[in-house]
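Subject: Structure for your review

Dear colleague,

Please find below the structure that I am handing over to you. My notes on the sheet and on the packing of its helices follow it.

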Amino acid sequence: MPRTPIDISVPDLSGKRALVTGASDGMGLGIAARLAAAGAEVIMPVRNPAKGETAITRINRVVPGAKVSLRGLDLASLESVAALGDTLHAEGRPIHLLINNAGVMRPPQRLTTVDGFEVQLGTNHLGHFALVAHLLPLLRAGHARVTSQVSVASASGSINWDDLNWERSYHGMRAYSQSKIAFGLFGLELDRRSRARGWGITSNLSHPGLAPTSLMAARPELGRSQDTPNIRRIRWLSARGILVGTVATAMLPALMAATDPAAKPGALYGPSGPGTLGGPPAEQRLHRPLRSLTEAARVWQVSEKLTRTAVPTA
């Protein structure tokens, strides 16, 4: 049976400057293309310049005259994050949209970032935390909306406070869930702190459900030489329109959360189908591990300490 098309409208974004992490392929590339098609100037910070150039070529093919450009960024390096912050501050232009989309998932063996953090915690959460901290003045100047991409994996699990970096025992899926829970708690705490301190930033969350993205595909740099059995199953289901989404539909919750005028601060958006695995995007109840104000404040405090990045309080 043919799949019923799923899409949303993106409002006119002319004059807006948007930054999308993880925009060189998959959902991030699709998000960047849709923002550019709506008139936004899109910054694509990438680790691999050649891959980034290929992504820009693809966007220009479908959006002639798109305003897209590359910057360097490796979220697994706090030095690289700070350098991007310096570059964008030197450009001196407000940022109106920030979509924290990049991520890594379940390396079979424990890996660490340049700074010694477990790679999922360091990339998915701490790198983005530091990025927001460095860009805060530009986000405030643009009265920005910040959308952070979590996961169905943030619906269960917890933060391993006794061993945040999984040095004593590594479990890839639990470490991934932890990174997305911490990231989601941060995104919600960002919105609370902005309202309390008058920063003028709104922050919300999205998740893509399940779709055949590159997260579980072969990633030699993560020690995964072959596609996982899970991604092969997801591709099979997706191709037949069963339960899960496609890459094109999986990006829609983030687009809705970031651009829909009716999207709520402090809310979560994801697919509305069974199990929130696929289907049209909609607001959802916050995942249980994301509801604790105490945990969110602790995540913020620990993240400042680990990244050596103090977020201004005024």
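In the description below, an axis is a line fitted to C-alpha atoms, for helices over the stretch in contact, and an angle runs from 0 to 180 degrees between N-to-C directions. Please note that this is a predicted model.

With that convention, the axes of α3 and α4 come within 9 Å and cross at roughly 20°. Because angles under 35 degrees count as roughly parallel, α3 is roughly parallel to α4. The crossing of these two helices is right-handed. On the α3 side, the contact is made by Leu 78, Val 81, Ala 82, Leu 84, Gly 85, Leu 88 and His 89. The α4 residues that they meet are Leu 126, Gly 127, Ala 130, Leu 131, His 134, Leu 135, Pro 137 and Leu 138. By class, this contact comprises 11 nonpolar and 4 polar residues, with no charged ones.

Helix α4 (residues 119-141) also packs against helix α5 (residues 172-197), at an angle of about 15° and with the axes 7 Å apart. This angle makes α4 roughly parallel to α5. Here the crossing is left-handed. From α4, the residues in contact are Gln 120, Leu 121, Asn 124, His 125, His 128, Phe 129 and Val 132. Their partners in α5 include Ala 175, Tyr 176, Lys 180, Phe 183, Phe 186 and Leu 190. The contact of α4 with α5 has 9 nonpolar, 7 polar and 1 charged residues.

Turning to the sheet, 8 strands form an open arrangement with mixed pairing, in the order β3-β2-β1-β4-β5-β6-β7-β8. Its edges are β3 (67-72) and β8 (281-284), each of which pairs on one side only. From one strand to the next, the twist averages 25°. Strand β2 (residues 41-46) pairs with β3 in the parallel sense over 6 bridges, and Met 44 stands opposite Leu 70 in β3.

Two of the helices described above also lie on this sheet. Helix α3 (residues 78-91) lies across β1 (17-20), β2 and β3, and runs at about 135° to β3. Helix α4 touches β1, β4 (97-100) and β5 (145-149), and its direction makes about 180° with that of β4.

Yours sincerely

Methods:
Residues are numbered from 1 along each chain as its sequence is written. This is a predicted model: local features need pLDDT of at least 70, side-chain atom pairs count only at pLDDT 80 or more; totals for chains, interfaces and linings use all residues. Side-chain values use heavy atoms; hydrogens and water are left out. Helices (H or I, at least four residues) and strands (E, at least two) are DSSP runs, numbered from the N terminus. Angles under 35 degrees count as roughly parallel, over 145 as roughly antiparallel, 65 to 115 as roughly perpendicular and the rest as oblique. A crossing is left-handed if the near helix is turned anticlockwise from the far one by less than a right angle, and right-handed if clockwise. Contact means heavy atoms within 4.5 Å. Ala, Val, Leu, Ile, Met, Phe, Trp, Tyr, Cys and Pro count as nonpolar, Asp, Glu, Lys and Arg as charged, and the others, Gly among them, as polar. Two strands pair if DSSP finds at least two bridges between them.
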